[in-house]
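Welcome! Let us take a walk through this structure together, beginning with the chain as a whole and ending with a few single residues.

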Amino acid sequence: DYALIACAILRANGVPARLRVGFADYFTPHFLEDHWVCEYRDGHVWRLLDAELVPEVRSRHAIAFEAHDVPRQRFLAAGQAWQAARSGAVDPQHMGVHALGIGGLWFVAASLLRDLAALTMNEMMPWDQWGPARAFDQGSEIPADWCVRFDDLAKALVREPADLQDALAILSDHPWAALTDTVISYPLGEPVEVVVAPAQQAVPSAQQ
């Protein structure tokens, strides 16, 4: 909610902004927490804004950096997180929602889909799942052939799409990752089939 509202405010004031889905290392020691931030254009550079980091939160978690310029090494977008997990650099069991005991490669895979959706201006809820992620749950093993597909998607995302058109091109190359007409959501902890409104044609000027 913080990230989405920040994006809305920036866009309303003519600043290109988009939601990013990934994992932050600054809330729980030795754990990468599922987290969403706002990415905004500063000149020719995309920067990360974590609108949740008000002074009280920064003090509680001993966060030294500014909320409007989160270091890239402190927030791993989903593509980076997937590659870190697949390479063994990070234990995927240490990526997810610590308080709920949820984590694993299956969680990171679903985050890849949500990040791509956000980059194409379809901002979903953190617990929405569609496409291959519909079959994922705690303890799920991702088949080898699907791991290869996610490897390819992650590789495309870590190149950091320059704008909406770049993001749409990635989606075109990975149509299996596209948002579907219905998603499985967990608003109260139990799976619910939800019909989503047909995606509107994105307006490039809102993000570029």
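Of the chain's 208 residues, 46% count as buried, where buried means under 20% relative accessible area, exposed means over 50%, and partly exposed is in between (1.4 Å probe, protein chains only). Please keep in mind that this is a predicted model, in which local features need pLDDT of at least 70 and side-chain atom pairs count only at pLDDT 80 or more, while totals for chains, interfaces and linings use all residues. Residues are numbered from 1 along each chain as its sequence is written, and side-chain values use heavy atoms, with hydrogens and water left out.

Now for the fold. The chain has six helices and eight strands; these are DSSP runs, with helices (H or I) of at least four residues and strands (E) of at least two, numbered from the N terminus. Starting at the N terminus, the elements follow the order α-β-β-β-α-β-α-β-β-α-α-α-β-β. The radius of gyration is 16 Å, close to the 17 Å that the globule rule gives for 208 residues, so the chain is as compact as a globular protein of that length. Here the radius is taken over C-alpha atoms, and the rule is 2.2 Å times the number of residues to the power 0.38. Along its principal axes, the C-alpha trace spans about 40 × 40 × 35 Å.

How is the chain held in contact with itself? Among contacts (heavy atoms within 4.5 Å) between residues at least 6 apart in sequence, 61% join residues at least 24 apart.

Let us turn to the aromatic rings. The whole structure holds nine aromatic pairs. Rings of Phe, Tyr and Trp (its six-membered ring) pair if their centres lie within 6.5 Å; planes under 30 degrees apart count as stacked, over 60 as edge-to-face and the rest as tilted. One of the pairs joins Phe136 and Phe150, and it is tilted, with 6.2 Å centre to centre and 55° between the planes. Phe136 lies in the loop between helix H4 (105-119) and helix H5 (144-157) and Phe150 in helix H5, so the pair ties together parts that are 14 residues apart in sequence. Both Phe136 and Phe150 are buried. They also belong to one aromatic cluster with Trp82, Trp146 and Trp176.

Finally, visit two loops. His30, between strand E1 (17-28) and strand E2 (31-42), has a positive phi of about 60° although it is not a glycine. At 75% relative accessibility, His30 counts as exposed. Ala62 sits in the loop between helix H2 (55-60) and strand E4 (75-77), and Ala62 has a positive phi of about 55°. With 69% relative accessibility, Ala62 counts as exposed.
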